[in-house]
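Below are my notes on what I looked up, in the order I got to it.

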Amino acid sequence: MGWVARLFGARDTLVRMVLLDLSGIGYLLFGAPVTGAPTAAQWVLAVIAFAVALVLHRRPLVNLLAQAALLAVAIPLVDDVTINQVGASWALLELTMRARRPRTIWLAAGLLAAVDLTNSIGDPFRRVLSGVFGLLVEVGVPLLLGLVIRTTRELARQAQDRAEAEQRRRESDSRAARADERSAIARELHDVVAHHVASMVLRVGVARHVLTDLDPRVGEVFDDVHATGSAALADLRRLVEVLRNPEGVRGDAALTAIEPSALPAALGAAVDRARQAGVVVEADIDPAIGSLDAVRGLAVLRLTQEALTNVAKHAGTSALARLSVGVADGAVHWEVSDDGGGWLPAAVPSGGGHGITGMRERVEVLGGRLEAGPTGRGWRVRTVLPAAVPPPPSPAVAPAPSAPREREAPVGPRTAEPA
């Protein structure tokens with residue numbers, strides 16, 4: 001019955017009235033002459049009924065009263081009252097569909113039935129009985145059809161309300177589940193990771209204070225480890241705060257953005273840290289990166305930190321690494337490669353980390369594609385971050401992410417996968 005509700009929608013009332021008037025004119029011109037030419041009174045009453053239906057198409061109750069009055073006038077004046085009967089019946093249909101209170105509908109139906117029965121006053125019993133049965137068509141049909149349409153609309157509205165309520169419930173459950181997951185991650189970060197990092201920073205600080213006669217180079221290493229651990233601890237605390245309060249002022253943006261003007265200095269610090277670890281780094285950084293947006297700027301920084309860390313872990317100290325960051329036509333061209341010719345300490349753990357996977361995910365979110373693989377004795381990682389970030393694909397049609405390729409062991413001392 002949905003098509004019925006659409007056909008008799010509240011927005012199409014004027015269209016229905018125009019079609020009704022046109023059908024009435026067609027009846028007067030081509031239908032009524034079969035039984036006799038329409039009289040002047042019949043034309044006058046019909047034209048008034050047509051005009052009233054058009055003018056009062058948005059006021060169904062007033063239209064019904066006017067059409068019922070015209071029918072009451074037509075019954076004693078003309079022999080063929082079909083036009084006025086149809087007009088009054090249609091007015092009852094419109095009122096039934098749109099009335100706010102059911103009592104109005106039943107009073108209007110009673111009024112129209114009483115007006116129709118005046119046509120049977122003084123007639124024989126059989127004709128009166130015939131008039132009563134005629135009410136089934138003149139009053140009963142529009143009343144029944146209007147109630148069906150009214151019920152269909154109400155059922156559709158209730159179904160929509162239930163669907164919206166179910167959607168809100170699912171969203172609420174999803175938010176609650178995400179909040180629980182974030183809280184669990186925050187607890188683990190605080191109770192395990194942050195605790196151990198804080199302990200290491202404290203011990204390095206104590207060692208630096210107790211061991212006063214240190215070789216300057218060893219002291220520099222202690223200072224760098226202490227500064228790196230303190231920065232990591234600050235980042236962990238910020239991450240825990242965001243996880244516990246996702247509705248904060250900055251929210252997740254606190255972890256996914258960097259001030260553009262700070263990016264060159266941050267890249268320089270990452271290069272200096274790699275050099276302090278013993279890696280020889282040749283850096284070619286385009287000054288235009290200072291104009292990047294905050295999200296891509298942070299991506300470039302995190303990719304650089306991860307790639308240089310991997311060089312130190314897997315190519316070994318004293319390896320030669322080349323960092324290239326450039327901006328062309330708004331796109332960021334980033335690459336880190338090494339010659340694999342360093343010395344790998346035995347204490348470096350073997351592969352099994354998720355560094356390449358995390359880098360690939362970060363790049364794909366920004367619309368790029370990460371390429372990682374061996375080149376000669378070394379390793380190369382590169383990508384292009386496009387200027388315009390496309391919207392993420394719909395989960396229903398997004399292709400399954402390809403599993404990261406296993407990193408082949410290059411020739412030489414490099415045997416571990418990136419973390």
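This is a predicted model: local features need pLDDT of at least 70, side-chain atom pairs count only at pLDDT 80 or more; totals for chains, interfaces and linings use all residues.

Started with proline 142: which residues does proline 142 touch, not counting residues up to four places away in sequence? I found Ser89, Leu92, Leu93, Thr96 and Val137; contact here means heavy atoms within 4.5 Å. Proline 142 is found in helix α7. At 8% relative accessibility, proline 142 counts as buried, since buried means under 20% relative accessible area, exposed over 50%, and partly exposed in between, with a 1.4 Å probe and protein chains only. I also looked up alanine 109, which sits 33 residues away from proline 142 along the chain, and the two C-alpha atoms are separated by 9.4 Å.

Residues are numbered from 1 along each chain as its sequence is written, and side-chain values use heavy atoms, with hydrogens and water left out.

Next I went to glutamate 138, also found in helix α7 (residues 125-210). Helices (H or I, at least four residues) and strands (E, at least two) are DSSP runs, numbered from the N terminus. Is glutamate 138 buried or exposed? It counts as buried, at 19% relative accessibility. Leaving out residues up to four places away in sequence, I listed Gln85, Ser89, Leu112 and Asp116 as what glutamate 138 touches. With glutamine 85 there is a side-chain to side-chain polar contact at 3.3 Å; the term means a pair of N or O atoms within 3.5 Å, and within protein one must be able to donate a hydrogen and the other to accept it, with residues adjacent in sequence counting only if both atoms are side-chain atoms.

Then I checked helix α5 (residues 82-98). Its 17 residues should span 24 Å at 1.5 Å a residue, and the end C-alpha atoms are 24 Å apart, so that agrees; the expected span is 1.5 Å times one less than the number of residues. I noted that α5 is mostly covered, with 12 of its 17 residues buried. Among them are Ser89, Leu92, Leu93 and Thr96.

On to the sheet. It is open, has 5 strands in the order β1-β2-β3-β5-β4, and its pairing is mixed; two strands pair if DSSP finds at least two bridges between them. I marked β1 and β4 (371-375) as the edge strands, each pairing on one side only.

How do β1 (residues 280-285) and β2 (residues 320-328) run? They run parallel, joined by 6 bridges. Valine 280 stands opposite leucine 320, and aspartate 284 stands opposite serine 324.

β2 and β3 (residues 331-338) run antiparallel, with 8 bridges, and valine 327 stands opposite valine 332. These two strands form a hairpin with 2 residues between them, and I wrote down that aspartate 329 in the turn has a positive phi of about 55°.

Last, I looked at what lies across the sheet. Helix α9 (residues 263-276) lies across β1 and β2, at about 165° to β1. Axes are lines fitted to C-alpha atoms, for helices over the stretch in contact, and angles run from 0 to 180 degrees between N-to-C directions. Helix α10 lies across β1, β2, β3 and β5 (378-385), at about 10° to β3.
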